[in-house]
Amino acid sequence: MIRVWARYAVMGFVISIVLLPIYWMIAASLKTNKEITQDATLYPHAPTFDNFTRLFAAKDFGQFLMNSIVVTSVSVLLALICGSLGAYAIARFRLPFGLDQHIGLSLLVMRIVPPVVILIPVFLFMLRLNLIDTWLGLIITYTAFNITYCVWMMESFFREIPVDLEEAAMVDGDSRFGAFRRIVLPVAAPGMVATAIFAIIVTFNEFMFALVLTSTPRAMTMPRGTATLIGRIDTDWASMSAAGVIGALPIVIFAFFVQRHLVRGLTLGAIK
């Protein structure tokens with residue numbers, strides 16, 4: 001009995017640590033700046049939704065949120081399409097010197113390199129293409145980074161799918177691409193969903209490239225737009241908390257609807 005209660009106590013402590021920042025952000029979004037910075041109350045004594053209203057009425061947050069949703073959706077979709085094709089080629093075709101066994105991991109080098117290292121080349125490249133402060137510039141940048149991650153993730157999922165399924169479809173007259181589209185992709189759908197969730201979270205919350213490649217509300221993403229609430233003299237903590245709550249909702253809603261596929265996707269490539 002003591003071990004059971006100790007286990008519950010540890011679980012409750014861990015859950016409290018995880019949920020405390022979320023509670024603090026939600027509570028701060030319902031307070032005034034005076035209540036946050038001077039009174040330092042543990043909960044809002046006079047809850048108000050003025051912070052949320054002010055974000056959309058005077059801070060262009062609606063535009064920031066739309067920019068993030070469009071850029072994230074398009075870039076992740078393109079990365080999934082290109083990454084799935086690349087991962088399938090690596091999983092099914094043999095390359096000289098056994099490169100097919102290592103190329104997927106090698107692609108992660110781009111993700112290992114700190115973004116600040118290649119920030120200037122990316123900026124100059126987008127400047128030459130006249131894509132600074134545009135959706136397209138961000139989409140190209142995020143797609144390039146997400147493709148490597150998608151290839152690495154999807155490769156293991158495709159290797160777990162029996163080749164016999166594709167060969168049976170091709171014996172019946174289907175083409176290689178037709179077998180890939182009709183047989184392989186539906187089976188690997190949970191893995192694609194898991195990959196998409198991680199790619200969406202990383203892209204939606206990316207700040208550094210958005211900071212350098214955007215300068216006006218027409219292209220600023222949600223993290224970049226939230227940073228504009230930090231002034232030279234003071235910081236609008238209440239509005240920033242409200243922005244954090246609103247910015248987290250699309251990811252939470254998306255993960256809620258695909259959580260079943262996420263669990264299946266995480267275990268698809270791990271079990272022989």
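At what angle do the axes of helix α4 and helix α10 cross, and within what distance do they come? I put this to the model, which is a predicted one, and found that the axes of α4 (residues 61-92) and α10 (residues 176-187) come within 12 Å and cross at roughly 110 degrees. I noted the crossing of α4 past α10 as right-handed.

I then looked up the residues that make this contact, and listed S84, L85 and Y88 on the α4 side, with R176, F177, F180 and V184 on the α10 side. Sorted by class, the contact of α4 with α10 has 5 nonpolar residues, 1 polar and 1 charged.

Next I turned to the salt bridges, for which the count comes to 2.

In one of them R218 pairs with D133, with the closest N and O atoms 3.1 Å apart. I placed R218 in the loop between α12 (208-213) and α13 (222-227) and D133 in the loop between α7 (119-128) and α8 (135-159), so the pair ties together parts that are 85 residues apart in sequence. I recorded R218 as exposed, at 56% relative accessibility, whereas D133 is buried at 5%.

The side chains of R159 and E155 also meet in a salt bridge, at 2.8 Å from N to O. Both R159 and E155 belong to helix α8, where they lie 4 residues apart, about one turn of the helix. Here I noted R159 as partly exposed, with a relative accessible area of 29%, and E155 as buried, with 9%.

How values were computed:
Residues numbered from 1 in each chain as written. Predicted model: local features only at pLDDT ≥ 70, side-chain atom pairs only at ≥ 80, totals over all residues. Heavy atoms only, no water. Salt bridge = Lys/Arg side-chain N within 4 Å of Asp/Glu carboxyl O. Helix = DSSP H or I, 4+ residues; strand = E, 2+ residues; numbered from the N terminus. Buried < 20%, exposed > 50% of the residue type's maximum accessible area, 1.4 Å probe, protein only. Axes fitted to C-alpha atoms, helices over the stretch in contact; angles between N-to-C directions. Left-handed = near helix turned anticlockwise from the far one by under 90°. Contact = heavy atoms within 4.5 Å. Nonpolar A, V, L, I, M, F, W, Y, C, P; charged D, E, K, R; others polar.
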